[in-house]
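Hello, here are my notes on the model you sent over. Please keep the structure open while you read them.

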Amino acid sequence: MIKIDSNTKKTLMDLYLKKGIGLEGNITKLIDTENDEDFKKYLKDCETKDGDKRKKRLEMTKKIQKQNEELVTLNEKNEKMMEDLQNKITEIEESKLTFEVQNRELNEWKKENLELTEKLQTEMMKAEKARVDAEAAKQNAENDLDLLQKKTQNELISTIVKVALWVIMGVGVVTTGVYVLTLFVGKDTQVISAAWSNIFGILLTNAFSIVGTIMGIKYATENKQ
Amino acid sequence: MIDSILLVDDEDLFHLVFEDACSLLDISLSLNALNSSDEAAKLFQKWFEDGDNNDKPECVFVDLNIIGSSFDGIELIRKINFEYGNHVVVGIISSSNEPEEQAKAIQAGAQFWIIKSDDIEPRLEEFRNDYEGYKNRTLPFKVYK
């Protein structure tokens, strides 16, 4: 313990009374009062004053410490937010790039699609032309077939007419020949002449009948078409 | 009352809090504070090599994570106990309450673990009451929550 002489004690107590300046800190706990009641009271007052000051400082320091901790927490949150923001920006940038790539691909597809459409239209036009050509070819073929059929019909009719005429002419010539021969030989021509005129009439009738029938068929065929 | 205390903590504001709290609670007359575990280790090494125990503190409070230091509080306690002599009462003062870290601290020779918070005075008061047990090495490791 520290011992202090009476003069110093008096000076210290006067200073405290006049100017409020007293001893501070743990030194007050190390001074021996030597049962001096006034000095004991002085030291007690100094300790109380010092304690009050320390209490006040402790509260302030704690408050500042708490504020610092809050600031650190806020700073951490801020850094986290900045990091999140940066990540979002990076994500957006990546999305933008992806969109650009997709857009480019879509444009390419669109271009390809347009080209394909153009090609398709060309091919459709070609196909349409081919269809029209085919239709025309079909029509031509049908016409040719019809013509061929008509030609065949005509040829057949012509042949029938020719054959019929040849038959008629043959029968006429033979009958006439037999009649002429009978006349030269001097035989009875009563029967043969009647038969000749009769058969000649029949032949002529038949010949006109054939021609009439053929003309009728031809007329009917043309009307049907 | 503890003769002298050494606080090793990187937070200057806590030095003031601790000093005022110790003074108000009459825990110690003398308190020194350091910001780094390297600095504290050097001092203990010097005291150990010189064999000078006059300046050596009676009790050491060490923060768990000391920013700006080569090693943490547990390593400092291990060094104090196993490299530079274990003639001091030493423990952790930290805001952490991790049982794994506390187990490591016990391994390193820590005698107590005080959890830092706004209301530190009741814990320091409780520690003051238990101090003789730590000094005599009769009290087991204790966490002041």
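**Notes on chain B**

1. Chain B holds an open sheet of six strands in the order 2-1-3-4-5-6, with parallel pairing. Strands pair if DSSP finds at least two bridges between them; strands (E, at least two residues) and helices (H or I, at least four) are DSSP runs numbered from the N terminus. Strand 2 (28-34) and strand 6 (142-144) of chain B have a single partner strand each, so one side of each lacks a neighbour in the sheet.

2. This is a predicted model: local features need pLDDT of at least 70, side-chain atom pairs count only at pLDDT 80 or more, and totals for chains, interfaces and linings use all residues. Residues are numbered from 1 along each chain as its sequence is written, while chains are lettered from A and ligands numbered from 1 in the order in which they are written.

3. Four bridges link strand 3 (residues 59-62) and strand 4 (residues 89-94) of chain B in the parallel sense, and F61(B) sits opposite G91(B). Strand 4 of chain B also runs parallel to strand 5 (residues 112-115) of chain B, over three bridges, where S94(B) has I115(B) as its bridge partner.

4. Strand 5 and strand 6 of chain B are parallel and joined by three bridges; I114(B) is partnered there with Y144(B).

5. Turning to the interface, the contact (C-beta atoms, placed from the backbone, within 7 Å) takes ten residues from chain B and 14 residues from chain A. On the chain B side, helix 1 (residues 12-24) gives the most, with eight residues.

Methods
Two residues are in contact if their C-beta atoms, placed from the backbone, lie within 7 Å.
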